[in-house]
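The following paragraphs walk through a structure with an eye to how its chains meet. Please keep the sequence and the coordinates open while reading.

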Amino acid sequence: MKAIKCEALTKTYYRKKALNDLTFSVEENKIVGLVGRNGAGKTTLMKILSGFSKAKTGVVEVYGRRPFNNLFVSANTIYIDDQMNFPTTLMLNEILEEGRRFYHNWDHDLALRLFEYFGFHRKQHHNELSKGKESTFNMIVGLASRSPLTIFDEPTTGMDAAVRKDFYRALLKDYLAHPRTILLSTHHLEEMEDVLEEVVLLHEGSLHLHMSMDDLKEYSVGLSGKISEMEPFLQGRDVLYKQNRAVDDCYAVIRNDLTGGEYRQMQQAGIITSPVSASDLCVYMTSETSGKGSVDDVFERSADR
Amino acid sequence: MSLNEVQTAEIVKRQIGYKWRAYTGVFTSLVIIQLLGVLFSLNGTGSMNSGRTGYDISISYFTADIVIGFTIFWGFITAFLLTTKAYREDDFAFITNRKSSTFSTIIYLFLLCSIASITALLSSFLLKVVAFIFLPGEEKLLLSGAESPGVWFSGMLATLLLVFMFSSMGYLAGMIIQWNKMFVILLPILLFGSMFLFSKGDYPIQVQFFKFIFEESSFLIFTLKTIAFSAIFYSLATLISNHLEVRQ
């Protein structure tokens with residue numbers, strides 16, 4: 001059984017399509033990263049999967065059931081984001097107690113140990129926490145719930161680098177000890193390369209790419225060299241990204257389907273090849289193609305006037 | 001990780017416990033509003049004066065009527081507030097669906113109304129004690145409450161049913177507004193507008209309604225009427241809540 005299955009999923013907010021004909025599925029017990037630019041539809045997708053909002057058209061299934069208004073999905077899913085709303089009257093340890101009462105797989109021991117480690121006080125209230133602390137606490141709830149499908153929407157918002165690192169380790173350790181499906185959206189893909197197994201890249205509400213992390217790292221190659229030398233190589237290829245750096249120097253990212261012979265030719269032509277990180281690749285693949293150019297153009301144009 | 005099947009009844013039970021522990025603020029507002037009711041009642045809820053040469057008789061009645069009225073208002077407001085986004089999202093922090101969320105809120109409201117009606121009726125004793133100790137003059141306090149525990153109990157039940165019925169109205173009104181914010185304006189307009197129209201046509205609907213409920217002499221029929229109204233209002237609210245999205 002698939003943990004997540006979406007077919008031709010569409011969701012609109014005020015006539016704007018947040019999700020557009022999205023089809024993908026996730027196997028059980030995988031850690032999947034959901035990436036995409038701001039407004040790509042990551043949060044919308046996650047809220048539909050956790051049953052908070054309803055898809056307009058298309059089929060969505062979590063463990064074979066439709067999530068909207070479904071108790072089974074609610075019992076086996078937890079959705080963690082930075083806007084978690086807990087009753088303001090409850091103290092932090094009381095919130096953890098409530099979690100224990102609700103979730104069958106809840107590991108209270110783990111929750112308390114993480115609670116101690118990150119330096120929370122039992123008598124604090126959730127709304128009095130700082131942004132980073134709040135995210136950390138929500139993360140503890142997410143990990144301790146041991147939900148078969150755990151959804152983290154930008155779990156690291158506000159966390160400092162050290163806490164983020166701890167979070168990745170905690171996530172990985174707990175996942176290895178208790179495998180489950182984890183869907184996680186992030187803007188820090190470069191930090192999570194070692195944690196994620198698969199990457200789902202959304203762009204403007206549609207699926208742009210869904211592959212394993214290893215494949216994604218090998219997917220493309222970066223070339224830099226003189227424009228005149230580069231042109232013949234780029235002809236007829238899938239150029240994912242191109243940027244002119246200096247007067248006659250340019251950097252391009254292409255699909256990594258070069259043969260050994262082509263590599264040698266490039267070296268002779270003085271073109272330097274380099275690997276492209278998954279994080280950079282995702283940014284290149286989803287960069288605006290409507291001819292707006294880079295943010296530099298915004299400033300150059302205004303200076304002219 | 002193994003998948004867990006859960007029963008609606010189990011989650012409703014958990015949700016009730018959760019709400020009981022989390023929404024302690026409602027008790028604070030209950031205490032405040034009932035104390036306020038007691039304060040307003042100190043003037044006497046009804047009085048009679050007669051006098052002749054040589055003597056004056058002034059009779060003041062101290063009853064919990066105002067406190068009960070205030071409690072009804074509190075029930076309406078509390079139920080109304082429980083439908084707001086913040087409270088609904090609290091439910092969805094843990095396991096629930098709309099059905100279990102609404103059912104647990106209704107049962108929780110019933111528990112609240114029970115407590116509120118008991119304290120409202122007990123406040124009549126507080127009122128008499130306060131009147132006896134603090135009121136000036138040479139009053140003679142004639143204590144007469146309900147004749148028997150049976151009467152007192154039926155009074156409590158009647159209060160409970162009334163508060164619960166008004167809380168169902170608050171809950172329905174809140175749900176309608178959550179469903180579409182336009183109803184913040186539309187609902188009062190429709191309500192008072194129809195009252196106005198019916199009064200013009202010599203059929204004041206609000207008067208009829210209050211007669212229908214408050215002037216019922218048979219306790220059994222009164223019970224049936226209030227329960228029927230509560231059931232209708234709560235079912236409508238449940239129907240609406242089934243379509244509400246949360247946390248979008």
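Arg65(A) and Glu5(B) form a salt bridge whose closest N and O atoms are 2.6 Å apart; the term stands for a side-chain nitrogen of Lys or Arg within 4 Å of a carboxyl oxygen of Asp or Glu. Side chains of opposite charge can pair when their charged atoms come close. Between chain B and chain A the count is two salt bridges.

This is a predicted model, in which local features need pLDDT of at least 70 and side-chain atom pairs count only at pLDDT 80 or more, while totals for chains, interfaces and linings use all residues. Residues are numbered from 1 along each chain as its sequence is written, chains are lettered from A and ligands numbered from 1 in the order in which they are written, and side-chain values use heavy atoms, with hydrogens and water left out.

Between chain B and chain A, 13 residue pairs are in polar contact, both residues being at pLDDT 80 or more. A polar contact is a pair of N or O atoms within 3.5 Å; within protein, one must be able to donate a hydrogen and the other to accept it, and residues adjacent in sequence count only if both atoms are side-chain atoms. On the side of chain B that touches chain A, two or more residues each come from helix 1 (8-22), helix 4 (85-91) and helix 5 (98-134) of chain B. Helix 1 of chain B gives the largest share, eight residues. Helices (H or I, at least four residues) and strands (E, at least two) are DSSP runs, numbered from the N terminus.

In total, 35 residues of chain B contact 42 residues of chain A, contact meaning heavy atoms within 4.5 Å. The buried area is about 3,500 Å², with 56% from carbon and sulfur atoms; this is the accessible area (1.4 Å probe) that two parts lose on being put together, summed over both.

Chain B itself has nine helices and two strands, in the order α-α-β-β-α-α-α-α-α-α-α from the N terminus. Its C-alpha atoms fill a box of roughly 85 × 50 × 30 Å along the principal axes.

Within chain A, Arg101(A) forms a salt bridge with Glu98(A), the closest N and O atoms being 3.2 Å apart. Both residues lie in helix 3 (residues 92-102) of chain A, three residues apart, about one turn of the helix. Over all chains, the structure holds 20 salt bridges.
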